[in-house]
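Dear colleague,

I am handing over the structure we spoke about, and my notes on what was found in it follow below. Please read them alongside the model.

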Amino acid sequence: MKKKSYAKINLTLDVIEKRQDGYHNIDGIMQMIDLYDEVEVKNSDKFEITSNSKDIPLDERNLVYKVYKVLKEKYKFNERFSIRIEKNIPVSAGIAGGSTNSAVVIEMIDEILGLNMSLDDKKQIGKSVGADIPYLLVGKTARTRGIGDELEILDSLPTTDILIVNNGIEIATPYVYSNIVPSGNSDRIDKLINVYKNKNYDEFFKGLYNVMEKVSISYCPEIQNIKDKMYEFNCIKSLMSGSGPTVFGIFNDDKDIKKTYDYFKKIYKNTFIVKTMER
């Protein structure tokens with residue numbers, strides 16, 4: 001069985017407070033994009049993960065391995081699987097490549113074994129492994145709160161072309177969280193959500209923000225350079241996704257986004273024009 005596993009971007013990301021369990025409560029808006037990996041799951045006499053990518057772990061560090069282990073413990077099955085991950089999504093990029101692989105593996109193992117899991121069951125398994133997985137199982141435009149697992153589904157964002165640029169530098173998410181000053185409230189997000197619900201999309205795009213940018217840019221100034229160059233090419237908004245280093249740009253003009261793509265593609269191999277979507 002084979003499935004596409006789609007990436008996501010954080011259209012907006014705020015860090016509200018540190019929790020007693022060491023995690024942080026966030027508030028933001030997530031959006032699926034049509035950049036995807038392909039994941040294949042087959043019955044096998046041994047469990048193994050293989051990939052075309054040399055940049056991902058193939059052992060117990062991989063989120064797919066962790067999801068399999070949690071499923072096996074909960075549902076008490078003995079079946080083993082050979083899992084092949086064909087990577088297109090940049091690794092450690094802030095756009096949930098590992099998490100989205102894990103989400104489709106939950107779905108495929110459920111289907112192959114006939115576990116009859118509800119969406120809530122899948123989300124609970126996902127949450128125990130990675131905070132982004134519950135969202136990726138849903139795959140709609142959504143406000144995300146808690147550790148990212150509390151979802152408020154919003155009306156679909158009209159299909160929008162977005163430029164994605166990843167400079168290949170890995171930024172550890174724990175490092176970013178450990179250096180961030182939480183904002184303490186969601187007022188700014190509330191206002192953005194109201195603008196979105198009124199379908200004032202240009203105003204909405206211009207109001208997008210990510211409080212993680214300051215920390216990640218101090219670690220990797222190249223992020224700011226990419227953002228600045230996108231504005232030189234007339235984007236209406238350029239923002240880092242997640243903890244970075246991926247930068248996305250929203251443009252009003254097809255010619256502008258194509259010119260920007262042509263510029264960055266010569267510098268960074270992981271440059272893509274993608275569309276927003278829903279699963």
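In these notes a residue is called buried when its relative accessible area is under 20%, exposed when it is over 50%, and partly exposed in between, with a 1.4 Å probe and protein chains only. The structure is a predicted model, in which local features need pLDDT of at least 70 and side-chain atom pairs count only at pLDDT 80 or more, while totals for chains, interfaces and linings use all residues. Residues are numbered from 1 along each chain as its sequence is written, and side-chain values use heavy atoms, with hydrogens and water left out.

Salt bridges

Side chains of opposite charge can pair when their charged atoms come close. With a salt bridge taken as a side-chain nitrogen of Lys or Arg within 4 Å of a carboxyl oxygen of Asp or Glu, the structure holds 20 of them.

One of these joins Lys199 to Asp155, with 3.8 Å between the closest N and O atoms. Lys199 lies in the loop between α6 (187–197) and α7 (201–206), and Asp155 in the loop between β6 (150–153) and β7 (161–166), so the pair ties together parts that are 44 residues apart in sequence; here helices (H or I, at least four residues) and strands (E, at least two) are DSSP runs, numbered from the N terminus. Lys199 is partly exposed at 46% relative accessible area, whereas Asp155, at 51%, is exposed.

Two further pairs lie within helices. In helix α9 (residues 222–232), Lys229 and Glu232 are three residues apart, about one turn of the helix, and their side chains meet in a salt bridge of 3.0 Å, N to O. Lys229 counts as partly exposed at 21% relative accessibility, while Glu232 is exposed at 54%.

In helix α10 (residues 254–265), Lys258 and Asp262 are separated by about one helical turn because they are four residues apart, and their salt bridge also has an N to O distance of 3.0 Å. Both residues count as partly exposed, Lys258 with 43% and Asp262 with 32% relative accessibility. Elsewhere, salt bridges that share partners join Lys3, Glu107 and Arg279 into one network.

A nonpolar patch

Patches are made of residues with over 30% relative accessible area and no salt bridge, like charges being joined within 9 Å and nonpolar side chains (Val, Leu, Ile, Met, Phe, Trp, Tyr) within 5 Å. Ile169, Tyr175 and Tyr219 form a nonpolar patch of this kind on the surface, with about 260 Å² of accessible area together, areas being computed by the Shrake-Rupley method with a 1.4 Å probe and, for residues, only the protein chains shown as cover. Of these, Tyr219 belongs to helix α8 (residues 213–219) and is partly exposed, at 43% relative accessibility.
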